[in-house]
Amino acid sequence: MSVRMSLNANGHDLLPRSADDVVVFAEPGEAPLVAGVHWSCAACDQRPTYVIRDGAVHVQDPCPYPMGITTEITLDVPSGKLIVSDDLRDVYDVDFDAGASYNTALGQAQVVEAMAALGCAFGPVGNSCPGLYREGENSYVIASPVLDENDVPSLPEKDRLAHIVTDVWAYSIADFEDWKSKGGASGTRLLGDYTVVDVAPGTYKFTLHSGERGFDRYAADTVVFAHIERVAPSLES
Ligand SMILES: [Zn+2]
């Protein structure tokens with residue numbers, strides 16, 4: 001028989017945004033089947049084990065990422081030139097299927113960390129076509145502005161240093177000279193468009209928010225995917 005019950009997800013991200021209860025198929029002595037939920041948690045990628053208790057259906061084990069995942073990586077930019085693009089996989093490439101599903105926050109965080117280890121600041125942003133905007137003297141954001149009723153964007157155009165065409169639903173940023181030295185084809189882009197942006201040489205921390213619980217890339221306000229700030233001057237300068 002099937003009944004509607006409320007779901008205690010135990011911190012897992014299992015419900016579509018519009019739903020608050022689920023349909024449960026329960027037979028005595030068998031594990032309950034739950035309809036109307038994601039196959040696996042959108043944060044941790046675990047398939048839930050359900051138990052029925054006190055008239056509700058519960059996920060047995062807690063989610064390790066109940067707040068989702070904020071991913072922090074650093075990028076060394078000794079040249080003071082950033083190459084900003086959607087796709088730098090001609091130089092920096094990892095196996096997107098090596099870990100958890102790339103459809104989950106955990107899987108995306110794993111790819112971001114693996115890309116960072118190669119020297120590429122990578123982050124999934126959906127098909128939002130965001131920009132790189134100056135925020136402070138040595139701080140930046142990757143964000144999508146919204147337009148007000150007079151078509152004035154919520155982030156000043158003069159602060160936009162690069163536009164990121166998201167054919168692959170991500171941004172990719174690296175030290176321009178590092179990219180070139182590893183075979184990046186300067187001037188004859190293999191995979192997409194890029195912009196070179198001058199910054200102070202140094203180490204930059206990228207804080208990526210798109211894996212955080214409740215992050216809404218379709219929000220009616222400015223969407224900030226990542227904060228970027230210089231955390232150390234370049235060792236070579
Ligand atoms: Zn989970």
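Student: How much space lies in the largest pocket?
Tutor: This is a predicted model, where local features need pLDDT of at least 70 and side-chain atom pairs 80 or more, while totals for chains, interfaces and linings use all residues. Residues are numbered from 1 along each chain as its sequence is written, and side-chain values use heavy atoms, without hydrogens and water. A pocket is an open set of points on a 1 Å grid where a 1.4 Å probe fits, with protein on both sides within 12 Å along at least five of seven lines, and probe spheres set on the points, joined across faces, edges and corners, fill its volume. For the largest pocket, that space is about 840 Å³.

Student: Which residues are closest to its centre?
Tutor: Lining residues have an atom within 4 Å of a point. The largest pocket has 34 of them, and the closest to its centre are Asp-13, Ala-42, Asn-103, Ser-210 and Arg-217.

Student: Why does the largest pocket lie between two domains, and which are they?
Tutor: Domain bounds here come from an automatic or database assignment. The largest pocket lies between the two because its lining takes residues from both domain 1 (2-59) and domain 2 (71-233).

Student: Which residues coordinate the zinc ion?
Tutor: Donors are N, O and S atoms within 2.8 Å of the metal (3.2 Å for Na, K and Ca). At 2.2 to 2.4 Å, the zinc ion has His-12 (ND1), Cys-41 (SG), Cys-44 (SG) and Cys-63 (SG).

Student: Are Cys-41 and Cys-44 buried or exposed?
Tutor: Buried means under 20% relative accessible area and exposed over 50%, with partly exposed in between (1.4 Å probe, protein chains only). Both Cys-41 and Cys-44 are buried.
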